[in-house]
Every structure is written in structure tokens, then in C-alpha cells.
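The sequence and structure come next.

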Number of protein chains: 2
Amino acid sequence: MQELQVLEQGTVTTPRGFTAGAVHVGVRSDWEKLDVGILASDVPCAAAAASTRNRVPGASLVISRKHLASGRAQAVVANAGCANAATGKRGLDDAVRLAQLAGQKLGIDAHLVVVASTGVIGTYLPMDRMAPGIGKISLSSDGGLDFAKAIMTTDTRPKHVAVRSRDWSIGGVVKGVGMIHPNMATMLCFMTTDAAVSQPFLQSALAAAVEDSFNMIDVDSDTSPDDIAVVMANGLAQGDEIDSSDPQARLFSAALAQVCVHLAKAMVADAEGATKVIEARVEGAASREDARSAARAVISSLGVKTAVYGRDPNWGRILSAIGNSGARVEEELVKLFVATPDGGELQLFDGVPVEVDPALAKSCLVPADIRFRAHLGLGAGAATAWGSDLTENYVRLNSEYTT
Amino acid sequence: MQELQVLEQGTVTTPRGFTAGAVHVGVRSDWEKLDVGILASDVPCAAAAASTRNRVPGASLVISRKHLASGRAQAVVANAGCANAATGKRGLDDAVRLAQLAGQKLGIDAHLVVVASTGVIGTYLPMDRMAPGIGKISLSSDGGLDFAKAIMTTDTRPKHVAVRSRDWSIGGVVKGVGMIHPNMATMLCFMTTDAAVSQPFLQSALAAAVEDSFNMIDVDSDTSPDDIAVVMANGLAQGDEIDSSDPQARLFSAALAQVCVHLAKAMVADAEGATKVIEARVEGAASREDARSAARAVISSLGVKTAVYGRDPNWGRILSAIGNSGARVEEELVKLFVATPDGGELQLFDGVPVEVDPALAKSCLVPADIRFRAHLGLGAGAATAWGSDLTENYVRLNSEYTT
């Protein structure tokens, strides 16, 4: 397979024919930051999306799902500070109006505009400030960073990446960083590519990529009503259209998955109050679904999250989390390992406790990236999940501020 | 139905013919507290139990399940400080030996002894200290409080209650208070009664009581490998045996449920680091199962837990939690309320946000008991769940100490 190049500074405006920009309109009166952004393609795109399974989806998401039903989109208008969720008919009207305002500005049909809102649930969008704000947004081919900043809420930094093949590139931005759980993390994610991609293949590639990235991370077991990941393919790289039978299909899927995993891990690393990224790799499970469940249970467990934060090699909590996951487990076959700072592995459990040097075990929990590996000894199922640790600062952020 | 009297100071030795006692043996070398206890009946009992669904059950629980399969028991030997979980064959041998030691001391068959261990996972029981310790336990009819103390781990206080009818009483003790989740909370619960109860009816009454109490609380979404709730009925009150067709069946079930709910709420109130008990009542759900899921989702949500801790009336997180629960929800039909300090209710959501005085809303989150009520407007399903808030102290307790 062709080599893929990761551009750490890449973003949604890295692929050809995409522009973006953002302004500060004061969606929240106490915020100074950029809070409304537009991302646009020069030409209509094939578009695919994955969104929250929350039964009370936000109004902006409801409208975006309608617009995306055509499999086509050309722009995104997004805001932070207000989720436009639990807002009833007025919220739906506001979302339609946002699409119209962005469409008018760009000279495109409002149905080609995706609307995304993130922030406090149960407040209305300040349309009187947003309408003139949208008019002032200046779009450019280096506006991706501003767009990434405009969707941030409790994020401490913009999160973006691009992956490039010989012929095309895929860029992405994402925001977190609370209410993050495997059933679509609480997030907005926008991805762009100049590859020509058939819409059905784009949708299936996105679904597969999301399954192994955004659906394998956890901050706090919550899922918001606004989560959406969208990818738009404008075809300006001029190659043949990629579909599932195309020789480039595998490469494109791999690139899209790489972007999603990068952004998923970036969200976990910037999770509210977090100091560490915990990776849980489960191998030898009876099935792939069992491996996924077990890996997610480990990184979702508050017992594991707090022990890692406290650098306490309390591996019993990992075993217990696997036992709770619903996956088939036979205790006497389970092996548990933690990565050592020198790149090796320390075995903690081998059907029975392994005697280890407590100081060595503790040293494995000092780095910012902690890796656990479990082998269940039952089959060939494997999966990896990523979670943050849980700290006093998470509690402070979520109790002292309305987010 | 006959009146039931709640005895706040009642415990497992309140019903006739039960004795208990405890000693300090130093299961954990850093603990000074009582840590091994015995609870015994003068005569063999009908016994029923509910236990964890964790796939890696602790060794003590494995042995207890075997012993309880007969539907009969006469005593419990329990320890805190070591879960005897993830301990393989040695752990099983230790649990069998504990039952033998207690049986020898009491002059009863070891198969009539329930063994329960709670504490750190992945360490072995210090049998060299436990064996002589068990010999020194002095049992008496006022030993219930010491027994309740002996099973405490991070609990800050013993938790016990009894409920009395004209003819018999039911007493119970419980320990928490971390790794508490609806799928059998992390807990040991022992209940006794001097009523004569048929074993099949005792089992079904217990299952029903656990479903509405221990399976409706949450501290931190975790479930331990050792959870068990046991009830032993010795019949010394001399009445007719209560079975499902007996006129007293409803009264006994109600009393058992009352003991379980009392102990469940006591666990939540003493949850690690907690400052508040959050009650979520869901009504008008499409089914009882939907109501249960929705109520549990609310009290399990970290967003809700931290907002309540911070006295932030951020009801959008409650609506979102209900939306995540899997229950059928139609946003425009949902009504949300919070109990006011004067005993009334404040409506927060009525299909759309209700304008409320922020100071009044905040005042509802000041008391130690916070009550939310949601009406889904879809059917007759109703359920109540209880959870703790999430505080910096929870994080500290779980990161700075190995528990």
C-alpha cells in the first residue's frame, strides 16, 4: 500500500478547494473567543456523516441530518457556546435560518449547508448577534485553524490534522472535551478531502473509521445531543472517483481512519482536567465485539481512571472492569501487562497475581501515555480504546462552570 | 396492610436468634479497625441471595454461591481489606478454609457458612492471622454493630436498619461505598429475619427488593467482583411459614424492600467523597423498563453528578442523560422538575425551556437530598433511582489510596 504522510499542522483547509473562517459574536456573553465559523468547498461535495444516538438530538443536528440525507453538502456553519438543544420549534427555526444565512453569504443552496452547535443545552442561539456575525466571516484557504478554534468549548487547544497520499489529502478538525463516551463521543468533527469519492463508499469508510476511533474513547461516560462527524469530498484532486472496488479504496479508508484516530486521541489528551491518555489493548478475546467491549470498559472505569491519575498500579480494577464488560472472560486464562517507560512490558497478572516490584509498577504510570494490554486467551478478537484519567480538575470544571 | 415500624438503630441481631461479633486481625497491615466478623443463627435458616454479574467473581463469592445453592445457611464469615478476588485456586482454598474455621467455631457444617470478602482485588487473604482471629470472635445478640463495622472499607460509618411487623422483624447491614452501579452495587449486604419463610418465596422477594434498591443506585458506574446480598430466615418468630400464597406475603415483601431501599440510600449517602443524595424519579415512561433505564441514566451521569455538586441547575444534562438511556423519549412531551427546599416543585422544562429565577433554581440544589422528577408523557412506566454527587474528594480517595 502507498505511504501516507501525516501533516501535524494540517487541517480542513489543507485539501484543495476548501476555505474557512471564523468570528467572535459573543454566543456566550462571557466569552471572548472565536465562536462562529464557516467551512466551505468551492464546489458541491459528496458528504457522509455519523451522529449521536441520543434520543433528544439538538435542533441543529436535526436540520443537518435532513440536509445530509441527500448525500451532498458544500459548507458547514458551526458555533460554540450554545448547543441549540432542548430548544423546540424555535431551535429548529434558528438552525434553518443559520443554514440560510450561510448559504446566502456563499451563494449556495441552504440545503447544502450543515449546521452544528455545541455548548450549553437548553439555551437559545442569540440570532440577533449571529446573523451579522456570519456576514463578517472572511473565508480563506488558511482559515482552518480559526475554524478549529471557533468550535472549541472546554477544549484548551485546537485539534486538527491532515493525512496526504500522492494524489489527495484528508484534513480534519475536532472539538471535545467533556461528555465523551464510546457511543459517539460528545464532539463535532469535520473532515474534508479533495479526493473524488463515491458517496456510498464515503459513508461506509466513515462508519468504519468512526467505529475504531470516536467510538473507542471515553472521558466521562456521557454522550451529548449534538455529536456529529462529517466528511466532505470535493473531488478537486481530479482522480478517478474512489468506490469500494477502486484500487485506492483501501488507501483512502486507511487515511480516513488515521485522521479519525489522531483526532480521537487528541480529544482524549485534551479531556477536561486530564493529565494522561490511557490506552487499553485487548487481544485474544472470543470475538472482536468482546474485545471492543472489554477495551472500552477498562478506559471507562472510574476506578481505573483515578488509579492511573494517582499512579497506583491497582490492576485489580482493570481485571474487574473486563469482568463487567459483558465479554466472555475466564480468569485463569487472562494475562495483564502494562507498558514500561523503557518501551518494554511488565506482566501484572497471569491467571493469578504476578509478584512485581511495586516501584517498577508505579514507574509505568508516570508517563503521559499509559498503555495496558490484556490477553484473554480465548480467541482472535482484538481492539484498542483510549480514555483520559479522572482528576479533581474534571470535577472542578464540571461543577464550578455551566458547560 | 399492617403497619411496619422502622428501627433506625436496628441491625442484623434485632430478629430473634441471631448473634454476631467481630475482631481486628489486621487483614490490611495499615488498618486498626475491626475487619473480620461472624453473623450466626441459633438454627439453620432458609437463605436467598443475589450477587454480582461480574465475569471474574471473587473466590469467596464462588464458594458462597456453592454453599447457598442448597437454599440453606446458618452463618456468615466476612472480612474487609482484601477482596480475595483474582486469587485463583489459592483464593478458593482460602475461602473453603474460612468456612471450615467458622463452622468449627460454631459447631455447624461448613456448607452452611457464607463467606464474603471485600477490599483490594488481587491480594491473598492473610490466613495465618485470620485463623486465630476467627477463634477469638465473641458472638452476642448485640454484636450487630460490630459486625457492620467489620465489613466497612471506605465507608465512613456503619449502615444498618431493621423493620418490624407485629410478628417478626427483618434486620440488615450493608457496606459500600465505591464501585457502586445498578448492576448489583459493589457491596456486601446481610439481612436476617426471624420470620418463617419458604425458600422459593424468600428468593423471589429478595430479587424484587434488590431490583428496586441496590440495582437503582450509582456512585461511579463500576461493579466489583464480590457483591452479594444475602437474607437468612430462621423462623424463630414461630408463625406459619410465609410463602407466596400466604396473607403475610405482601407485608414481608414490603418490609424486605423497605430494608433494602433504606440500606441502598444509606450507601449512596456515604458514597466516597459524596456530599449529596440525588433522587431521580421518572414517570410517564413507555414501560417500567424504560423508566428504570432513564432514572438510572440520570443518577449515573457524571455531568449531572458534578453539576449537582456545584449547585448548578444545568438541567440540560438531565435531559441529555435521559436521551442517552435507550428509553423512548419525545422531547416535546418531556417535563422536568426539581424539588424546592419548601417541599414544592419547580418546573425546569416543558417541551421547551421554562424561564425560571436562577437564584430559586440554585436554592433547590443546596440541601443534602436533591430530587428531580421527569415525566415523559408516553405511558405509565415509573421508577426511582438514587445516586451520589461527584466531588474532588472522590478523585482523591480513589487516586491517593489503594482501595
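## Domains of chain A

Chain A is divided by the domain assignment into domain 1 (5-269) and domain 2 (277-400); such bounds come from an automatic or database domain assignment. This is a predicted model, in which local features need pLDDT of at least 70, side-chain atom pairs count only at pLDDT 80 or more, and totals for chains, interfaces and linings use all residues. Residues are numbered from 1 along each chain as its sequence is written, while chains are lettered from A and ligands numbered from 1 in the order in which they are written.

The C-alpha centres of domain 1 and domain 2 of chain A are 32 Å apart. In chain A, 12 residues of domain 1 are in contact with 13 residues of domain 2 (contact: C-beta atoms, placed from the backbone, within 7 Å).

## Relation of the two chains

Chain B is superposed on chain A by a rotation of 180° with 0.0 Å of shift along its axis, RMSD 0.0 Å (least squares on the C-alpha atoms of residues with pLDDT of at least 70 in both copies). The two copies are thus related as by a two-fold rotation axis. Within chain B, B:Glu392 comes closest to the rotation axis, its C-alpha being at 2.3 Å.

## Interface

Of the interface residues of chain B, 100% are also interface residues in chain A, so the copies meet through the same surface. A:Glu392, A:Val395 and A:Arg396 in H11(A) meet B:Glu392, B:Val395 and B:Arg396 in H11(B). By class, the residues of this contact are two nonpolar, no polar and four charged (nonpolar: Ala, Val, Leu, Ile, Met, Phe, Trp, Tyr, Cys and Pro; charged: Asp, Glu, Lys and Arg; polar: the others, Gly among them). Helices are DSSP runs (H or I, at least four residues), numbered from the N terminus.

Key:
Two residues are in contact if their C-beta atoms, placed from the backbone, lie within 7 Å. Helices (H or I, at least four residues) and strands (E, at least two) are DSSP runs, numbered from the N terminus.
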